[in-house]
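Here are some notes to read alongside the model. Take the points one at a time, and keep the structure open as you go.

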Amino acid sequence: EDAMFSEFVWEEIDGREKINRPFIYQAYDDNGDQRFFAILMRAIEKDSIVPFSATEGGDRFTTPITIDDVNSVLKGSLDTIMVQNADNPNIYDTSVVYNTKLAPLPDSIYTFRLKEQYIFDNKTSRMYCRIIGIAPIANIVINNKVERKTLFWLYYPDLRPVLAKYEVYNPKNISNRITWEELFESRYFNGSIVKSTFDNYNDLMLSALYKDPIRRLQEGEKIRQRICRNQQWKDPKIYESQ
């Protein structure tokens, strides 16, 4: 009831950017692989974090899936092939196998999509950003063309206690690390906005509205600046100082 303004925003974190390099930090310690995708997989396997289907319900978190479903996505897609019968070479049997050509490689998972909600609290006169979900995105090469595939969604409030147990690599000071939970809550990352609920009647991504990638980045930055202006306009302290 204190929310004077609310908007959902989707943004993507590219681990290849310098500030986002901890997301693809390739090292092993007592907790295993330190890449962020590996941490998400351990959260599903060991901490019973429920993944949700990326195709049915998606970021609405309506269709939970099992760890076997996640592993099958990582193996590729099911395909049928003809296999020669061991007893009779003249007979070919139909066999169902995984097409590994459609399986994402671990190094190709360096993009992570966040679903966030910006809320202006009228009681505290502050703009809050709540992270609602996280989804890893894999790049798969099909017919010499790179296809992006969302693997699954994880509900961030359930995942947050797990992220608080894992530390993030600090290239500036190896003895002073923060946890993944602190990284997300303090927003020590850079993301590009790819979708917003504001004035988006058809619920389309910016990639569907603008084919030029430079234009998409510009429109995403406009969305971010508009949210900041909304905060300044609704904050009486900022308004009076101006």
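1. Let's begin with D203, which is partly exposed, with a relative accessible area of 49%. Here buried means under 20% relative accessible area, exposed over 50%, and partly exposed in between, using a 1.4 Å probe and protein chains only. You will find D203 in the loop between β13 (191-196) and α5 (206-209). Its phi is near 55°, a positive value in a residue other than glycine. Most residues other than glycine have a negative phi.

2. A word on what you are looking at: this is a predicted model, where local features need pLDDT of at least 70 and side-chain atom pairs count only at pLDDT 80 or more, while totals for chains, interfaces and linings use all residues. Residues are numbered from 1 along each chain as its sequence is written, and side-chain values use heavy atoms, with hydrogens and water left out.

3. S125 also deserves a look, as its phi is near 55°, again a positive value in a residue other than glycine. S125 sits in the loop between β7 (111-121) and β8 (126-142).

4. Now the whole chain: it has 7 helices and 13 strands. These are DSSP runs numbered from the N terminus (helices: H or I, at least four residues; strands: E, at least two). Of the 242 residues, 40% count as buried. Among contacts (heavy atoms within 4.5 Å) with a separation of 6 or more, 58% join residues 24 or more positions apart.

5. How do helix α1 and helix α3 cross? The axes of α1 (residues 36-46) and α3 (residues 156-163) come within 11 Å and cross at roughly 105°. Axes are lines fitted to C-alpha atoms, for helices over the stretch in contact, and angles run from 0 to 180 degrees between N-to-C directions. The two helices are therefore roughly perpendicular to each other, a label for angles of 65 to 115 degrees. In this contact, F36, I39, L40 and A43 of α1 meet L159, V162 and L163 of α3.

6. How confident is the predictor? pLDDT gives its confidence in each residue, from 0 to 100. The chain averages 83, and 83% of the residues score at least 70.

7. Finally, the structure holds 0 disulfides (pairs of cysteine sulfur atoms within 2.5 Å). C129 is partly exposed at 27% relative accessible area, and C228 is partly exposed at 39%.

Key:
Angles under 35 degrees count as roughly parallel, over 145 as roughly antiparallel, 65 to 115 as roughly perpendicular and the rest as oblique. pLDDT is the predictor's confidence in each residue, from 0 to 100.
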